[in-house]
Protein chains: 4
Amino acid sequence: MVIVMKPNSGEKEIREITKVLEQLGLGVHISKGTERTIIGVIGDKRVLCGVPLELMPGVEKLVPIVESYKLAGRTFKPEPSVIDVSGVKIGGKELVIMAGPCSVESMEQILEAARAAKKSGAQFLRGGAFKPRTSPYAFQGLEEEGLKLMQEAKEETGLLIISEVTSEKNVEIADKYVDMFQIGARNVQNFQLLREVGRSQKPVLFKRGPSTTIDEWLNAAEYIMSEGNYNVVLCERGIRTFETATRNTLDISAVPVVKSLSHLPIIVDPSHAAGKSQYVLPLSKAAIAAGADGLIVEMHPNPRCALSDAAQQLTPEEFDNLCKDISRIATIIDREFKYGG
Amino acid sequence: MVIVMKPNSGEKEIREITKVLEQLGLGVHISKGTERTIIGVIGDKRVLCGVPLELMPGVEKLVPIVESYKLAGRTFKPEPSVIDVSGVKIGGKELVIMAGPCSVESMEQILEAARAAKKSGAQFLRGGAFKPRTSPYAFQGLEEEGLKLMQEAKEETGLLIISEVTSEKNVEIADKYVDMFQIGARNVQNFQLLREVGRSQKPVLFKRGPSTTIDEWLNAAEYIMSEGNYNVVLCERGIRTFETATRNTLDISAVPVVKSLSHLPIIVDPSHAAGKSQYVLPLSKAAIAAGADGLIVEMHPNPRCALSDAAQQLTPEEFDNLCKDISRIATIIDREFKYGG
Amino acid sequence: MVIVMKPNSGEKEIREITKVLEQLGLGVHISKGTERTIIGVIGDKRVLCGVPLELMPGVEKLVPIVESYKLAGRTFKPEPSVIDVSGVKIGGKELVIMAGPCSVESMEQILEAARAAKKSGAQFLRGGAFKPRTSPYAFQGLEEEGLKLMQEAKEETGLLIISEVTSEKNVEIADKYVDMFQIGARNVQNFQLLREVGRSQKPVLFKRGPSTTIDEWLNAAEYIMSEGNYNVVLCERGIRTFETATRNTLDISAVPVVKSLSHLPIIVDPSHAAGKSQYVLPLSKAAIAAGADGLIVEMHPNPRCALSDAAQQLTPEEFDNLCKDISRIATIIDREFKYGG
Amino acid sequence: MVIVMKPNSGEKEIREITKVLEQLGLGVHISKGTERTIIGVIGDKRVLCGVPLELMPGVEKLVPIVESYKLAGRTFKPEPSVIDVSGVKIGGKELVIMAGPCSVESMEQILEAARAAKKSGAQFLRGGAFKPRTSPYAFQGLEEEGLKLMQEAKEETGLLIISEVTSEKNVEIADKYVDMFQIGARNVQNFQLLREVGRSQKPVLFKRGPSTTIDEWLNAAEYIMSEGNYNVVLCERGIRTFETATRNTLDISAVPVVKSLSHLPIIVDPSHAAGKSQYVLPLSKAAIAAGADGLIVEMHPNPRCALSDAAQQLTPEEFDNLCKDISRIATIIDREFKYGG
């Protein structure tokens, strides 16, 4: 960290700050410029937690030099992580596709979705059981019943199961059914929930929030990892901007940025980013071309009858085309995806 | 709601849509323009939940005409609501000021803060016991112990107590101590938590999220109200924008906009909006001048020793000046605030 | 357009509005819902320019049904446009790549850049002669001298020339040298300038502004087209959001959205979007995979010596790799790009 | 400026950078931390223009310590500037109000507006003659004819005249009529135009752009000032955010932030920020309470007949109430405004 002093500050203020830092065991490096004096602080900044240097006399501002997350960063672990979910590896050469309806609605619906997902090559079945919806008057999910239906679909198809958890209570319930927890965008800074899944060893798909910076997102991932669960896969799903032509603005740059800052794998959710099924295919191709490790895509046997987010769910045919296209792109960017499973 | 048809759609598509709507008991009104045909849908749109009209053949888009929240809206209740919190009324003529430290740290600190708050005229003592922090390595609050310290401060000063709850579990704990729950910006769409406080009758201060539109915020308030708890006070605390000179961008317009759309009272949190204590006074004055029903302000007996958000907490002296200024503005905008209590 | 009436409005207000509309030769269609009455307006809305219906008694709001741009829209021209620039076609099967330094600096520099661009297969040489820079103390471009140097590079390599114009005056100057004008992001709503290039027949590369919605962008394109110049190619170059890890946030979705709303071709500028050369390759691949018709990329023979935007310019080697990768992706998405020219 | 080195960089890279800096006459200060080495650069950074240090081997990033604008900053001139416009002082104790229609439409309209403005106490008449409009099919202003009408209104009422200029050509025309140039939000980075008004000595009202940071805005002001014209008054008019309930989001915090960074006066335009006349009064009061030096407000003798921006223009009666309220607030914040002139 660097402390920038005000133009009119003097020796006395610098001495006072130096004293505080040295008492905390930190090193100090003073550099006098033509317009400002700056103080470099050397050592583990965690001892500064709760020491409001910015309020000391003469201080103009503090400039962080090193990022505040540790376990999620490349400095901590330079080589990319590969997360093993019940045998399927995320972050390796193989691309991973998760597909299924926004909400689990019935045995028939989820089975049909699972068969379609399996047939085209997806490794995971997604489906919402606990649904956070903007309006309280909208369908809120089948809850545990939905998870049981997913498990039956898993038994038939062999697909792994991923589903969103929205509270500490339903982490406990979902734990019995899912291969991977999903933390949704609205809960990206629900730290109690992050801690809860952090205390498990089950892999977590961790979505970015609509107004979360990449730096905050990696700090939030740190909540999960600092509890001991390193099996975190990030998921970019669009951020909120002034543009309203799409539901969110897919931050495609987040893929290479996260890859340069963190060792964690990252996949992309084109469905929530676009909000319209017609844009899901081009965004999926873009995501894979940009280096994403996979996709999570909404697909419904009959989108016209969907109980939630109908407009953004692909039909099984559209999804099949997507998988075909992804498998072709995979080959030329040195990745793999087995179309048709 | 209005259904806009594609330029190339025909009678067949219109008939099909009409059939679906009429089967649901809705009225239909067709209007053929020079470039598009539009279909007006008449009746209670809640029967359309889960009917994805936007996917029917020939449909270009749906245009909502009426807002989706009910209980929070002016149509439901035209006159402004006044929320009674243990005798203090929010939304009436009197302005309400809530003040106190970001985090409760010790008996001495909270007592000193409470005395200063009381002396200048505040009606509420605020203080964080359960602290959601961006980094897991930062101070996370004293939890129940903190609430007990606040209660002692209440006993001495008579101030009402408000504190943030971040999970269903700590709603239960906080219920024993606080006069008003606070839902923080990060939990604005934590619907499980909203439902939980909705099942209580205790008043709720409900902060806007950093990327929540006013429409979504009122819909989220609906989660609390639809459980039966109408004692909701809204709190604008800044939104996330591209500007980095302040921690957030205070959306001052939200004050008159909320007042025109909703009957709920609205107060302003200038401390989190600004992120720097030097801007808290001008923003507080602006908020009151714009019509806010009160303020929630961070104040610490000794900000330099604060364990969290030191830069944005006022000293007791600064807070006293703020109360003095607010009381003077109050008189000329036909409100009241008793400076000095 | 649909006029939404206030809940408490009555027959009198509706009659008054009907009268105004009918006097203007517009048709009227009234639809009474359970909560609101809406009035559909039928006919050419341009007669309403300057008729502030939203201020008439009883009116709650106006809801536009049809977009306000005409010439740039798919309704006006359903099939995609292919823009011919001195024989190179943009928007057809072949992908177009424009490359060159941020600023033209010297004969040697621009020649070296042109040779490298040509060698890898680019069809256009880009280079800034009139540089709009955030600070007045930064290098502002060689102006006409720079354009002359580009022309020499064109003579040697056969590359077409594109350069930014920033005022009516330099449109006149640049017209003698360039094959295509570029309108930069800062001038997206400099309507005088748009009109000026609209009065020419020379093709225009028209960049989106950092805070321009797609709808506003297409309306701004209409300024150029309504003067008679239909040779417009759009260029997405990133929008301003809260994320600071990249210079701008590339709105990759703009590619399929523009393709669905407009017949104009669209290319992508990954260099200004990313702001860092390390992200240019993944973003370029993403753009092409999403369906862009080409790229405009900053490349400098020696980025370390660049006089502007050094951090985002590729070396000739990096650019060569980019062209190689693009040519491979092209084949599998049914496009073409001849790597190596 | 501070240069942050990569974790794996060594002595060789540091030596190389040191050499470059010293050759340019800059001082160097090296500070080795536990995770990173940082290099403080001492001296006038303008010699670094065009030296891309960020591309040198071993460099992770550059961190600016001092802002890049000079003339607009408090370091250059600590005491606030008061700008004299034909005898009216902006930035002093007296608040300044500029009022008038969005567009000048006719002699009768502008005269009526001027009389109303004068009667309530405004010092300036505003009115658009050159109108930049989002759609080319909208009314584009009366141009020079409009300015002549304003001059007649000035002769009758004694109000000073302010009007927007949108190109170098109309600076020349407007110069004959106006007391103060206005640069609109769309031209905040039209540097040619800024230079042009910078070469005049006539005061300039300089609006912030919808996606301009305060730092960029002050740098753009520097374009005007570096040409010798120091008579710049800033104007906050709302920024673009995700919120759509208002036309723009008024960044009220910009008032105290600009006051702390710059010596230039700042006024607020509540009309463009709100986009709806009903929010203009509360936002005006907020702006003055926050410390703004004045307001520029749209007012039309008959908003229902306005040719542009009808929804946001006040009636003369509403404007009169605004002036009355402002004069009352002025007294309690130690400012002055003579209601009724």
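Predicted model: local features only at pLDDT ≥ 70, side-chain atom pairs only at ≥ 80, totals over all residues.

**Stop 1: a pair of helices in chain C**

Select residues 280-289 of chain C, which is helix α9, and then residues 316-332 of chain C, helix α10. Their axes come within 10 Å and cross at roughly 25 degrees. Because of that angle, α9(C) counts as roughly parallel to α10(C); the cut-off for that word is an angle under 35 degrees.

Now show the side chains where the two meet. On the α9(C) side, pick out C:Leu281, C:Ser284, C:Lys285, C:Ile288 and C:Ala289. Facing them in α10(C) are C:Asn321, C:Leu322, C:Asp325, C:Ile326, C:Ile329 and C:Ala330. Color this contact by class and you'll get seven nonpolar residues, two polar and two charged.

**Stop 2: where chain C touches chain A**

Bring chain A into view alongside chain C. How many residues of chain C are in contact with chain A? There are 33, and they meet 33 residues of chain A. To find the chain C side, highlight α7 (254-261), α8 (270-274), α9 and α10, the elements that each give two or more residues to it. Our helix from the first stop is back: α9(C) supplies the largest share, five residues. By class, this side of chain C has 19 nonpolar, ten polar and four charged residues.

**Stop 3: α9 in chain A**

Jump to residues 280-289 of chain A, helix α9 of that chain. Is this helix buried or exposed? Ten of its ten residues are buried, so the helix is largely enclosed by the rest of the structure. Click along and you'll pass A:Val280, A:Leu281, A:Pro282 and A:Leu283, among the buried residues. A:Lys285 is on that buried list as well. Step just past the end of α9(A) and stop at A:Gly291, which takes a positive phi of about 110 degrees.

**Stop 4: chains A and B**

Finally, show chain A with chain B. Rotate chain A by 180 degrees, with 0.0 Å of shift along the axis, and it superposes on chain B with an RMSD of 0.1 Å. That is the relation of a two-fold axis.

How values were computed:
Residues numbered from 1 in each chain as written. Chains lettered and ligands numbered in written order. Axes fitted to C-alpha atoms, helices over the stretch in contact; angles between N-to-C directions. Helix = DSSP H or I, 4+ residues; strand = E, 2+ residues; numbered from the N terminus. Parallel < 35°, antiparallel > 145°, perpendicular 65-115°, else oblique. Contact = placed C-beta atoms within 7 Å. Nonpolar A, V, L, I, M, F, W, Y, C, P; charged D, E, K, R; others polar. Least-squares fit on C-alpha atoms with pLDDT ≥ 70 in both. Buried ≥ 20, exposed ≤ 12 C-beta atoms within 10 Å, placed from the backbone.
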